[in-house]
Every structure is written in C-alpha cells, then in structure tokens.
Amino acid sequence: MNPVFNQHISIAFPNDISLTIKREDLIHPFVSGNKFRKLKYNLLQAKAEKKDTLLTFGGAFSNHIAAVAFAGKEQGFKTIGIIRGDELFDKIEENPTLKFAQENGMEFEFVSREDYRLKNEKSFLEKLKDKFGDFYLVPEGGTNELAVKGCEEILTEEDSVFNYVCCAVGTGGTICGLINSALPNQKILGFPAVKGDFLNDEIRIFAKKDNWNLISDYHFGGYGKINLELIEFINAFLEETKVPLDPIYTGKMVFGVIDLIGKNYFPANSKILLIHTGGLQGIEGMNLKLKQKKLPILKKHD
C-alpha cells in the first residue's frame with residue numbers, strides 16, 4: 001500500500017471555494033483507489049474461511065475484474081470472473097482489461113446479458129458452485145459490508161477541514177463508507193455513473209447517517225457513455241493539474257463539481273474534497289472505442 005495524499009487543485013474558483021483531490025488512485029499500481037479498500041477485508045475474510053478461490057462478476061472494461069485478478073494472484077488465490085456478454089469469448093486479446101486479468105491468472109466464464117441479470121439468484125450461484133467448486137463470492141463492484149468497512153478508512157483526521165466530500169458512485173459501497181466515517185459538519189455528495197434511481201435504496205442498506213445526497217445530472221447518458229465535452233474536460237484538467245481522471249467515474253464527478261461551482265451550488269468559502277477512486281486502467285479500452293468513433297482520445301499521464 002502506497003501513502004495517499006491530498007493534492008490541492010490550484011485553479012481559482014469564485015467565492016473563495018477551494019478544491020482538493022484525495023489521490024486514492026496512487027494507493028496501489030494495479031489495485032487502485034476504492035478497489036483496494038473494498039477488497040482489503042474481503043481477502044482477509046476469504047483467508048479466514050480457508051477459501052482458495054475468488055469468484056466475482058463484471059463487464060468488459062471492469063476496474064473490479066482487473067483488481068480482483070491482480071489482488072488474487074498477489075495473495076495466492078485462484079480467480080474466476082463471470083463476464084457480462086458471451087460475445088466477448090473470442091475477443092480477450094482485443095480487450096486490455098480482460099487481457100490483463102487473464103495474464104494475472106483469472107479464468108473467465110462468459111454469460112449472456114440475460115443470464116448475467118440472474119447473478120444474485122441462488123439457483124444461478126449453485127450452478128457456478130457445481131462447475132467451479134467452493135469459492136469466496138466477491139459481489140459485482142465489490143460492494144458488501146466488508147467493502148464498506150474498508151471504504152470507511154478513506155477519510156482521515158486531516159480531512160476534518162472539508163465541508164463537502166464528493167465521490168463518483170457505481171454500486172454505492174464507496175459512498176457508504178464515506179457517509180459512515182464523515183464528521184457531523186460534513187456533507188457527502190455522490191455523482192452516479194449510471195442512470196436510474198435505484199442507488200438511493202442500495203446506499204440505505206449500508207449507510208448509517210443522512211448526511212448525503214446524490215446528484216444525478218452528470219452520468220453523460222449512462223454507464224460507460226462519454227462525449228466530446230467530457231473528453232476535452234478530462235484532457236484539459238490533466239494538462240492544468242497533472243491529475244489523470246478516468247472517463248467512467250471520477251472524470252464525470254469532477255466535471256459535475258466544477259460545473260456546480262459555476263452555478264453557485266456551494267456556499268462561499270466551501271472547502272471541497274474530491275475522492276479519486278482510481279480506475280485509470282480503463283482509459284486504454286476507452287481510447288480504443290473513441291478511435292472507432294473518430295473522436296479524440298484521452299491523453300496519457302506521465
């Protein structure tokens with residue numbers, strides 16, 4: 001685990017508002033950001049249960065799949081990835097995320113999108129046990145009680161100076177950890193990367209306080225969707241701050257926060273902490289899609 005630090009964003013904002021970004025993306029070279037936090041206690045539990053295999057779920061460019069593959073290899077587990085989309089079966093070499101996971105020992109089971117929706121059904125999991133034997137189940141996106149426990153360790157004493165803590169939201173585990181560990185004077189703002197109102201209910205399963213709000217205006221059309229405006233924003237932000245942002249999660253959140261500052265959403269003198277949840281491995285796969293669409297690519301960070 002590498003030390004995480006808070007980086008002040010030296011952009012002048014109106015009303016003396018200041019932005020700082022917590023560089024969770026630097027916590028580990030391959031298991032970055034919230035994936036490291038979510039897996040920490042799950043891997044300890046898997047060892048306590050004497051399991052030698054981790055099984056989890058994810059899509060074609062899933063940060064979670066890549067992280068589980070590497071962490072599993074590092075910690076001595078076999079890993080199995082149930083991948084959404086049976087058409088990907090013969091496209092591993094074309095997919096940077098799946099190729100990385102396979103190179104780190106992950107075995108794949110490609111399933112149709114219809115079957116993938118059954119991933120929480122007991123009968124579906126029983127079939128997987130019949131095929132792969134006993135395994136420790138890590139949920140899609142890694143979110144469970146142990147994952148939230150890990151994410152409760154993101155905020156530290158030095159973060160008490162911030163009024164707002166902002167993060168991207170996928171499955172809700174990270175924001176739940178932030179909600180539970182925040183101080184009474186802090187408001188947690190979540191920026192969903194997916195469309196739909198179901199996240200409020202998911203978050204309430206693990207969140208112990210009401211100090212939070214979801215802002216659903218910055219998903220750019222849904223999970224994995226991106227347009228020219230967002231590409232140009234991420235590239236400009238990298239050039240100005242030297243902070244790389246991923247296009248699926250953190251890039252959309254930072255775009256949203258800066259847009260809201262311009263719309264006077266935050267009171268004067270607000271001190272805002274942005275959580276960088278990692279996910280930079282997904283840039284390579286996204287750039288392949290952008291080239292196909294004849295759009296500019298996301299610039300590489302040094």
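Tutor: In strand E2, Ile21 is the bridge partner of Gln7. One caveat: this is a predicted model, where local features need pLDDT of at least 70, side-chain atom pairs count only at pLDDT 80 or more, and totals for chains, interfaces and linings use all residues. Residues are numbered from 1 along each chain as its sequence is written, and side-chain values use heavy atoms, with hydrogens and water left out.

Student: How do E1 and E2 pair, and over how many bridges?
Tutor: E1 and E2 (residues 18-22) are antiparallel, with four bridges. Strands are DSSP runs of E, at least two residues, and helices are runs of H or I, at least four, numbered from the N terminus; two strands pair if DSSP finds at least two bridges between them.

Student: Which residues of E1 sit on its covered face?
Tutor: Gln7 and Ile9 do, while Asn6 and His8 are on the uncovered one. In a regular strand, side chains alternate between the two faces of the sheet.

Student: New topic: what's the strand order in the open sheet?
Tutor: E5-E4-E3-E6, four strands with parallel pairing. E5 (106-111) and E6 (136-138) are the edge strands, each pairing on one side only.

Student: Which strands does helix H2 touch?
Tutor: H2 (residues 63-75) packs on the sheet, touching E3, E4, E5 and E6; contact means heavy atoms within 4.5 Å. Its direction makes about 170° with that of E3. Axes are lines fitted to C-alpha atoms, for helices over the stretch in contact, and angles run from 0 to 180 degrees between N-to-C directions.

How values were computed. Buried means under 20% relative accessible area, exposed over 50%, partly exposed in between (1.4 Å probe, protein chains only).
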